[in-house]
Every structure is written in structure tokens, then in C-alpha cells.
Amino acid sequence: MSKPIAITGGRVIDPAQGIDRLADVLLKDGVVQAVTDAPGNAPDGYEVIDATGLVVAPGFIDIHTHLREPGLEHKETIATGTRAAAAGGFTTICAMPNTEPNQDNASTVEWVLRTGREQGVVRVLAIGAVTLERAGKRLVEMAELADAGVIGFSDDGNPVADPNIMRQALTYSQVTGLPIINHCEEPSIAGAGQMQMGVIASHLGLAGVPSEAETVMVERDIALAELTGGRLHIAHLSTRRAVEAVRRAKERGLRVTAEATPHHVSITDAWVYGLGGATPDDGALSTVAYDTNTKVNPPLRTNDDVDAVVEGLADGTIDMIATDHAPHAATDKECTYQEAAHGISNIETAFGSCMVPVHAGTLSLEDLIERMTAAPARFLGRELGSLKPGLPADVVVLDPASEWTVDPSAFFSKGKNTPLAGTTLKGRVVTTLYAGEVVHEAGVAVE
Amino acid sequence: MSQRHDGLENQGRLIMSAEQLRRALVRISHEILERNERPVAIVGLHSRGVELARRIADLITSIEGVETDFGTLDPRLYRDDPDSASIKPVVPSEITFPVDGRPVVLVDDVLYTGRTIRAALDAIRDFGRPSSIQLAVLVDRGHRELPIRADYVGKNVPTAWGEEVRVMLEEVDGTDGVTLLRQSEATAYSLNPGGGQS
Amino acid sequence: MARTRAATTTPERPQGQSDNPENETVQAPPAPRRKPGQARPNQPPMFGGLSGSRRNVLDLDDFSKEEIEHILLSADGMNEVLSRDVRKTPTLRGKTILTLFFENSTRTRVSFEQAGKVLGADVINVSASASSVSKGESLLNTVRTLEAMKIDVLVMRHPHSGAPYFVASKIDAAVVNAGDGTHAHPTQSLLDLYTMRRHLGDIAGKKVTIIGDLHFSRVARSDVWGLRKMGAEVTVCGPPTLLPYGLRPGTEQDESAAFTGVKVVDRVEEALEGADVVMALRIQRERQDSGNLPDLREYSKLYGINSERLALASPGALLMHPGPMNEGIEISSDVAHGAQAVIEEQVSNGVAIRMAVLYMLCARSRGGE
């Protein structure tokens, strides 16, 4: 066990406890010892981490991460994915089941959890599939997977397209008390769409995905949740109409929760032009257009959708931020837009992206931290995401004002696929501690 | 049309006046007739060579009393040198008379490196096989890079590298004349020594 | 990759008649990859104002009116070469042009091949099938191999929109887009503009009507860019399921997007009234299979161009079609072969236009840098 640590002089924001004050955070034996009333009270013998001028918060929790292992190790491994998570300030991540083999059986789940314990730099939890091979036909053995330790069920990558299967899933999952996390995309409407349907897609000659592909299934799932009484969680909510549907559902007291990604709160379909969100003057495309790093599912949406998602986060309609970190190998993205794989490697830029609305004044820093700590912890039903004494010493030190340039070659993730390459973000993770150990320090190589 | 010069016609040194230019063309026309027994074809090289060739053809026609064959040639597609002239649109050549077995006189305004003429020689070959190809130029400014020489010269003007010879023609520029621009005066236009001159 | 030349100015000059050295402008390096919120720096057209510094021909959206004029003028010169007995010049001798077609197309490929050969270039034709090669990897590797072979111009046709942009960002050779997905087909549009000009003179102010499947038509998109630059008035008409997003009668299109400034009309009769040029687009069988249309019969009834409908256009209006035609569907046989049709001429003009394009691109690599 390492030395006790005192993180001193920072602004401690712990929404779960309603704390927002200058204080020291004391960590001992891998758990939080205390958050002092005022700074400057670090006991002797503590290793000091000076957080003056910085924000200290519970380590972030991500309930939507693609670790790609087993089977797709060329894109990411549990080791590299968790190291990347640490760099992003995340101390707990949840592995999505679209691996090879899928996490649709207990032994794969157990393997992932064990590998996470052995090789993971931070805490790894697992999500089970809803259906066998995520094919949308037969339910998995949910109780078995719950025993193995999954925190919920999702076919992510795929929607649960068949309404009856979704209905059965919402009903049957109540045996476990765990949520069904649905990737809401109606395949027959989405069709062969490559990006958000709209003027930009038309300009580029790319098939468009209408927003209704999401709305239609969100509304369906809300109705099914009401019918069945199951726990519904909407993955990567991204459109205005769908946010409104969830808001109405919550107003009616239904058991629906939702998440949003860092890219859906900060960038739009204009980024496909490759000009950092700008539209080309007089419409002329250049060779940076068709940036495959922007290809993601759900696609990057319109400005209005981004506004709606931010509003949803601000008023609590959307409960949490979840990255949907989707690393890919270079060959999966170095091709035509139509051939490119969907996904953005974003766990290391998540905080910076989420700070975009904070700096714009449309989301408060305290709310953002709540959405990244207390809210996912509630969702998981675990004692995490807070600096309450006795909880694991998972802490992140942040500099909300620090500007930095995104350099994917410096990512810990194997996935360098980000549209933010070369852009500047304002807000960075300075230090991450997991179970009382420093697992990431900005600018320092940590083993 | 003389607005093109932005007053530069007042700069540089006038090396051929309008009257001198016209006399030179008359002399060249007579020389062509003197040296060629068979009827010549006069072919002007784009772009100022065309107007000069037209005048020479008209002069020969009025001397002989017989219509002289006149054509135009854009040798740009036959150039082999990195050349800013190649960026102008290619213009259709017009050679509507037989070329085989008769003398052809190429006409251009300024003879310089000789590369335009070499390209024109290649181009003419694609139209036929003249009995001889001759060259008439208004000004020979020296600095040949190829073994090309003019048969008929309006005026020999020794020049330095950075200088530029400007030929003005009434049909195009509103006035006749040739000026020599020194380096500083030529700066406003181009420092490319091969530009626009053959 | 970045090339700079001293900035100079050139006064007004009569077209094509001057020996004055050309306008040379600074070519800025390619726009920095991404800077959010920062407006893109004002970049001069890549063609550099006729200085031969254009790197690629991917679409007409980045052509200035002057550049288009330049090509149309050169095409006249090229047509003269094509009319000679000896149809060969040494202009592109030693240059290698490679055609890489991932979609079948005899006419376009042959057109490019002839254009290159008349100008004396070596032309190599490579036919690849997008489905028979494993996705992604193969295009990138193919392109890298070509780069190593030192080709000068790559002419490519690919079923995915944006493919030539991807390729152009990876290789040094000039890329000419011979059609990418549903996005663009710039040389087709240039030959359309050239054909119009030969018959109608100045294109500015002329009424051009495009009928058909606009949503999936790369020819229509490039045509609209070209026509806008040249000042024509464009009207479009087609089945509602085949109109591009946002283009409904009465709606206004975003200034920077394709189809800006275009008038949308729902009835073909109204669209044809007073048109100087009628362009009928090809309607593909797939559209009835994918649910965009009930069938082709109804399409033909509502939108097909026949002699009765053509009579609504201006007297002497040109009838054009990018080919190949579905006679009896979007165009009736009698008008397709009638006096107003210039469809065959479009094809023959294609060689001259492609010669002009290749000449312009290769002049860059011969440039005095």
C-alpha cells in the first residue's frame, strides 16, 4: 500500500454530497479518508498533490466504453483502453458487449472482468448483451449474466429492432433489476445512411440518416417501458425530438434514463467538411472533406440538436455523459466515407469536449461533474462517484481553463480516430487517481 | 485598349516608331517576294504574330495582285519547356490551304530564345511538308537558346536579360510601336525571361 | 505540397490575344486540418488564376468563372487538333495518365484515354471492382502503389462519394474525378457547358432546365455548380422522392450548398416553359426497386421528355442528356434523335474538354518552379 495522499488547495466539487468548496482531500489505504472543511490542513506524512487553482472531483464514471477485447485487439485492448480512460479522468468504465465473442455468455463476461482486474489501469465493469450474438432474436440468460456481474444489458452497435423482443427484454430483465440500454436506431428508416440527413449530406452526396430513425425507436421504447415496468436506458441520445420524448416520459414518472456523448454536446455534421466545423466559403470542398473520423452512430447532428442535448443535460432529462468511446485501427478509417467504420475515439478528449457548453454558459461545471460522477453511480447502484469517506479513492484533478491541442499520436488509446485532431480544447485532466494510486498525470509517463 | 499599359507606353525607350514599324513590314514583304518564286503562305504565330502576318499577307497581295494564303498557328501544344505561356487557353490554329511542296513563312513579333519557333516548326509538320520554312520577325532581341535564325528581320535590338521588348499594334493596342522596358519597368509584369516571347 | 509564387498584377487585357505574362497569385498551403470555431482563411482558388497551379479536378465548386472560360476556350483549340489528319501532338509526351475505374463506363473511359493519347501521353487503364476487393484497405494500397509508380494524372471513377478526395489527399499526382458516387462529375459538366456555349453563345442569363432524378445525380450537381458560375438560370423538376434534401418548391437553399439558387418546380410543363436548354437525366431501374418510384411507366408519363413537352421550351432549345439514354422512359426516341438533340455532340465534345483539362493539369507539373 502506498503512502497516504493529500490533494490540497483545490476547489472540491462532489455533487453527490453537495460539496463545492476549497478544501483538501485526504486519501488513505485506497479509500477516501476525508474532505476537509478548509484547505491547508494536510497532516504530516501525506504525499501532497497541489491542486491550487484546480478542481478536484470524484473520478469520472463511463457506462459506455468499447474496449474491443476479446477479439478486436488491433483496435484496443483492456490495457490500452483503461490507460486511455485514466488519461480522460475516468476511474470506472463499463465494457460494451460487442466484442468477439460477444459478452452474451457468462464465461466471456467473467474473462473480461478478470482481465480488467489483472490488466486494467482503472475499474472495469461489464455490460451483457440483450440477445445472443446481439442478433436481436433470442434473449441471453440474463440471470446468469447478472450473477457474472454485468451492470446492464445492451446490444449496442445494434438496436433491439424487433419491438416484441424489446418488450420481452424489458419484462424479463426485471428478474435482475438491471436496465436495458438500447441503441435507438430504426434500421428501415436509417437505411444506408452515412451521416445526418440534411443539406450537408446532400452537398457531399452522402446518403443521409433522418433524425426520425432515433425518435421513432425512443418513443417506441418509452411506450414499452411503460407497458412492462422495466428499466429503460437510452444510449447516446442525440436529437431534439428524442430528448423531448424522454423529458415527457420523466414528467410522467416513467423509469427511463438517458445518456449523451461528448461529441453530441459539442460538434455537428458540419465537421464532415473537415474544416473544424466551419462551412467552406462559397461551398467549394477541399481534400480535407469527407473526414471519416466524423463517421459515428448516431451521426453528428445539427446545431439545434446539440442545443437540445445540452438543454437536456442541464435540466436533468439526460442523466449522464457516457463517452461511447469507439477506437478503430487506422485501416478502418483510411478509406472512403462509405467504407469507414463508425466511431470516435474520445475518452481522452471527453472532458475537454464537455467543457464546450460549460464555457459557452449553457451548462454549469457542477452539473457537468454530477453527470459524470454521481449520476452514473446512481445508475450503477454502486458506492462510487463520490468523495464520501470510505468510498474508493477515485479522484480526478481538473483544470477547466487549460487550453491544449488534441494530438491523437499522443493518445494512450490505440484508436487515433478523432475529428478533433489539431483542434484546441479548453479543459483538461491534470491527475487521475484510482484506488489511491496516481494512474495518470498530464505530461508524465506513468506505468 | 491602350489602358492595358497603365501608362507604360510612356515608360521605356521607344525603339521603333509607328512609321518605322510600317516601313519594316513593307521591306520584309518585298524581301519575301524577292526570295520566293513560288507563291508563299504566310502563317502568323499567336498572338501578335497573327496581326503582323495579316499585314504582310495584305501587303504581298497588294504588290502581286493575287490573294496570298494566310493562316494562323498556336504552337503551344508543341512546346517542351516549362513556360508560363502554356497556361493561356489553347487557340485553334487555322491552316486551310495546302502546305505540301510550297514555301511557308512563319511570322512572329519578337525572336528571343527560339523555343516558340522550334515548337512552330514541329506544329507545321503536322499540317504537311512545305518545300521550305522561313521566319520573319519584327524584332530580334538576341539570347537564342537554340540554333534558330530569322530570314527576315525588322530590327535587331541587343537586349539584357531582365529587359522586355513590347510590341504594340494598332489592331490590338490602338497604336503601332515597339518599346524597350528596362528591368525595373518590367517588374510590374513578369520576371520570367521566357514569358510571351519566342 | 505548398507552392508559392510572387504575387503580381495584370491589367485588363483582351481575351486570348495578349502576350502579357499571366496573373500569378499566391497559392496558400492547404487549409490547416481543423480548428474549431475559427473561420477558414480566405484561400485563392487552387487554379491560382490561370497560373497552372491547380492540383486536382474534383468538382466544379472550386472553379472560378475565369477557369471555366479558360477550359472552354482551350477546348476549341483541342477540337481543331481533333479535326486534323494527324491527330497527335507532343504536348504531354512522357506524362503518364492512369485511369482507375471502379464502375463500368466505356464512354467516359475511352474519352479520357483518347484525350490523353492525342496529346501524346501514355495512358494506362486499370479496371477494379469495388466489391471484389476487400473494403478500404485495397483502395489505399492501390493508391500507394500508383504513387510509387510515378504517374502524373490519376483519372478515377468510384461508386462512393468523396473517394477522389480521399485519394487526392494521399497522392501527389493530379486527380481527375470521373464520377464519385452521387456527388460530382466535373468533366461531364464542362462538356455540357461547352456544348451549350457552342450553340447558344454566352451562357449567362440562359434558362437551363434539368429534369429527373436529381437526388442521385452527380452530373446534375456538377452542372448546377458550373451553370451558377457562368450565370445561367437553373430550374429543376423531378419526383418529390428524388429531389435533394431541402429542395422543395418555394424553399431556399443554404448559400454554400449544392443546388443553391436553383428554382424548383413540380410540374414538368412549367419547368420546360421558355427553357433554352433541356437536360433530361437518366432514371435508373433501382429507383423503382428501392421505393422511390412506383414504377418507370409513371415516371415517363409525368416527367418524360417527348416532342409535345419539348415544344414548350424556347424554339431551338437544346435537348441534352448525360447518357446512356433509356429511350422511351425519360426521353422519347423521336426527340432523342431529333433536330434539337445535341446528345452525340456532347460525347464528341467530351474528348476536347478532357484534352483541355489534362493539358491544364499537366502544365502545372511542367511549370517553372
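Predicted model: local features only at pLDDT ≥ 70, side-chain atom pairs only at ≥ 80, totals over all residues.
**Notebook: chain A against chain C**

I started with the interface: chain A and chain C bury about 3400 Å² between them, 55% of it on carbon and sulfur atoms (buried area being the accessible area, 1.4 Å probe, that two parts lose on being put together, summed over both). On the chain A side, Thr287(A), Glu334(A) and Glu339(A) supply 18% of the area buried against chain C, more than any other three residues.

Residues are numbered from 1 along each chain as its sequence is written, chains are lettered from A in the order in which they are written, and side-chain values use heavy atoms, with hydrogens and water left out.

Next I looked up contacts (heavy atoms within 4.5 Å): 38 residues of chain A touch 42 residues of chain C.

Which residue of chain A does Lys170(C) form a salt bridge with? The partner is Glu334(A), with the closest N and O atoms 2.8 Å apart. The rule, a side-chain nitrogen of Lys or Arg within 4 Å of a carboxyl oxygen of Asp or Glu, finds one salt bridge across this interface. Helix α6 (residues 199-204) of chain A gives the most to the side touching chain C, with four residues; helices here are DSSP runs (H or I, at least four residues), numbered from the N terminus.

Last, I checked cysteines. Cys335(A) is buried at 3% relative accessibility, and Cys362(C) is buried at 1% (buried is under 20% relative accessible area, 1.4 Å probe, protein chains only).

Methods. Buried < 20%, exposed > 50% of the residue type's maximum accessible area, 1.4 Å probe, protein only. Helix = DSSP H or I, 4+ residues; strand = E, 2+ residues; numbered from the N terminus.
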